[in-house]
Amino acid sequence: MAAENGGFSFASGGAAAKGRNGLPMINTEKKKAEEICHDDSSLPVKAQTLDELHSLQKKKSAPTTPIKAAHAEEHRHKQQLQSISASLASLTRETGPNVVKGDPARTTAETPRLSAASHQQHRHFAAPNLNTSDSALKFTHILYNLSPAELYEQAIKYEKGSFITASGALATLSGAKTGRSPRDKRVVKDETTADDLWWGKGSPNIEMDEHTFMVNRERAVDYLCSLEKVFVNDQFLNWDPENRIKVRIVSARAYHSLFMHNMCIRPSPEELENFGEPDFTIYNAGQFPCNRYTHYMTSSTSIDLNLARREMVILGTQYAGEMKKGLFSVMHYLMPKRQILSLHSGSNMGKDGDVALFFGLSGTGKTTLSTDNNRYLIGDDEHCWSENSVSNIEGGCYAKCIDLSREKEPDIWNAIKFGAVVENVVFDEHTRDVDYSDKSVTENTRAAYPIEFIPNAKIPCVGPHPKNVILLACDAFGVLPPVSKLSLPQTMYHFISGYTALVAGTEDGIKEPTATFSACFGAAFIMLHPTKYAAMLADKMQKHGATGWLVNTGWSGGSYGSGSRIKLAYTGKIIDAIHSGALLKANYTKTEVFGLEIPTEIEGVPSEILDPANTWSEKEAHKETLVKLGGLFKKNFEVFLNYKIGADNKLTEKILAAGPNF
């Protein structure tokens with residue numbers, strides 16, 4: 001029988017059915033309809049080229065809200081592009097770049113486009129423009145609010161040093177800078193900020209003038225507009241819907257876009273459609289240096305804040321943390337103007353709605369103690385305390401990774417998965433398993449991930465007024481008690497001081513404690529004088545009945561080298577007693593020098609360690625060390641003595657009286 005339509009079968013037998021070497025012959029004949037084999041065969045794809053086939057792979061995202069007319073969607077996109085073009089406008093040329101949405105590498109047509117002159121009045125002929133530049137003749141592609149998957153593709157394709165790790169996180173490099181550059185951070189000093197901000201000795205605010213800012217802004221904008229594509233993120237700060245801030249981040253790297261996607265609050269599609277103009281804009285041109293001949297510049301790096309223009313410019317550093325902490329500085333300025341206290345703290349909430357704030361410098365255990373599996377996490381780093389609630393400023397967490405292990409920090413370990421960014425880590429070239437103990441690139445390895453990646457995160461990240469304010473100190477001198485109940489003036493004094501002690505090596509190899517003070521537990525980010533934040537904290541604590549606590553997670557029975565570290569299990573029991581309210585019912589005695597109230601007993605904690613004087617075998621050495629630390633506190637506080645709070649200065653006197661006396 002003649003073969004039809006490519007059907008075939010093996011012959012059943014007979015001499016004629018034998019092929020070469022005695023193998024059965026294949027008959028290419030059509031089978032009867034009832035003999036059709038139902039396998040995974042299918043009709044050919046409806047595509048004539050590979051490009052057409054690839055275009056079938058992805059479908060357009062459906063609009064999230066009903067669109068009454070086709071032109072409404074186009075009009076919204078045009079307004080969006082006009083807003084972005086205006087953000088990228090060169091102020092000397094007074095026009096924004098020609099912009100188009102989409103990846104320039106794609107072969108499909110892009111929509112919509114907006115030229116710099118498209119919204120200008122139509123003319124029959126164009127007058128010559130002496131300010132025209134090469135960048136004005138090209139289109140800049142805008143990659144707008146891309147998803148993590150899209151940003152992964154961009155990073156792996158175009159950014160050297162980008163890899164997918166075994167856990168699914170994106171590994172990136174931040175270039176030469178692996179940490180913040182506080183000495184290169186500048187704030188424009190104008191008529192308003194000259195009076196509002198904290199300037200001078202002890203202040204983190206280093207001044208620059210408006211003209212220098214505009215020079216650096218122009219440099220950053222020109223660099224970004226010269227690129228074929230830039231990433232634009234429109235997102236929010238502050239989970240409190242009444243006081244959230246709209247931020248726009250313009251950057252040159254997918255790494256930076258994904259980092260901010262994780263760290264800021266991600267808008268819903270509906271919120272993005274109605275985003276409008278941003279309240280604050282970041283221009284991250286970190287791959288391009290500043291001009292060192294520019295006034296106020298001391299290196300090729302400059303991070304510049306202009307609070308009047310609501311803009312931030314980054315030049316000469318690709319470290320992503322500059323964006324996060326730059327915005328935190330902005331919130332430290334904007335929120336107090338609304339009578340909202342901005343705080344560098346962690347926050348969690350019990351099942352009964354009791355909220356605690358945790359303050360502490362690096363090494364004090366703030367992250368460990370605020371991340372409690374029995375409590376909901378509101379946030380790990382930045383918060384606002386308003387008239388109605390405590391709210392997280394951010395939409396993600398920025399965790400240290402050095403020596404990270406599944407056993408010690410299971411929540412952070414499990415959060416480093418697809419969508420997370422890991423910075424400057426070292427991994428196996430074959431398995432892509434990260435070695436968190438490796439410091440080859442830097443000790444400051446970090447992971448940025450959405451807060452939803454933490455299982456017990458409270459979404460939305462808002463809670464009621466705090467009941468407890470916990471100030472953490474790792475006292476390597478060994479003279480502060482494991483826990484003290486603070487009066488309001490004492491809370492203000494220790495909040496302004498922001499104390500911890502580090503163990504630093506001396507030249508002859510002996511290690512000794514070194515006191516470290518950081519005003520408000522975040523001196524590098526505050527904008528106003530520390531006493532202003534302290535007064536707001538005391539006012540809110542008094543109004544809402546919160547109690548202040550000083551918790552020492554450091555040494556007992558002697559300084560570092562002779563004493564021993566207070567067991568984490570004991571600190572955990574202390575924190576549990578604070579949360580439950582049991583410590584409020586305890587009996588208290590008062591210590592010398594610092595005048596701290598210490599409980600006589602806590603369930604699960606040996607009573608003898610509650611008073612440091614009992615744990616030192618050499619009583620004279622204890623007293624000498626206690627007086628020494630008190631002197632360090634007094635010396636640190638001298639920078640705040642000339643600042644008066646209130647007309648009568650009584651509050652300032654109360655704060656000073658709450659410090660060490662000897």
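A salt bridge here is a side-chain nitrogen of Lys or Arg within 4 Å of a carboxyl oxygen of Asp or Glu. The model is predicted, so local features need pLDDT of at least 70 and side-chain atom pairs 80 or more, while totals for chains, interfaces and linings use all residues. Residues count from 1 along each chain as its sequence is written, and side-chain values use heavy atoms, without hydrogens or water.

**Stop 1: a salt-bridge network.** Select Lys324, Lys325, Lys366, Asp381, Glu382 and Glu394; salt bridges link them in a network. Zoom in on Lys324 and Glu382, whose closest N and O atoms are 3.1 Å apart. Lys324 sits in helix α8 and Glu382 in strand β19, 58 residues apart. (Helices, H or I of at least four residues, and strands, E of at least two, are DSSP runs numbered from the N terminus.) Both Lys324 and Glu382 are buried, meaning under 20% relative accessible area with a 1.4 Å probe, protein chains only; exposed is over 50%, partly exposed in between.

**Stop 2: the sheet.** Show β15, β19, β20 and β26. They form an open antiparallel sheet in the order β15-β19-β20-β26; strands pair if DSSP finds at least two bridges between them. β15 (341–344) and β26 (462–463) are the edges, each with a single partner strand. Now pick Val390, opposite Gly463 in β26.

**Stop 3: Arg253 and Glu159.** Select this salt bridge, 3.2 Å from N to O. Arg253 is buried at 5% relative accessible area, and Glu159 is buried at 12%.
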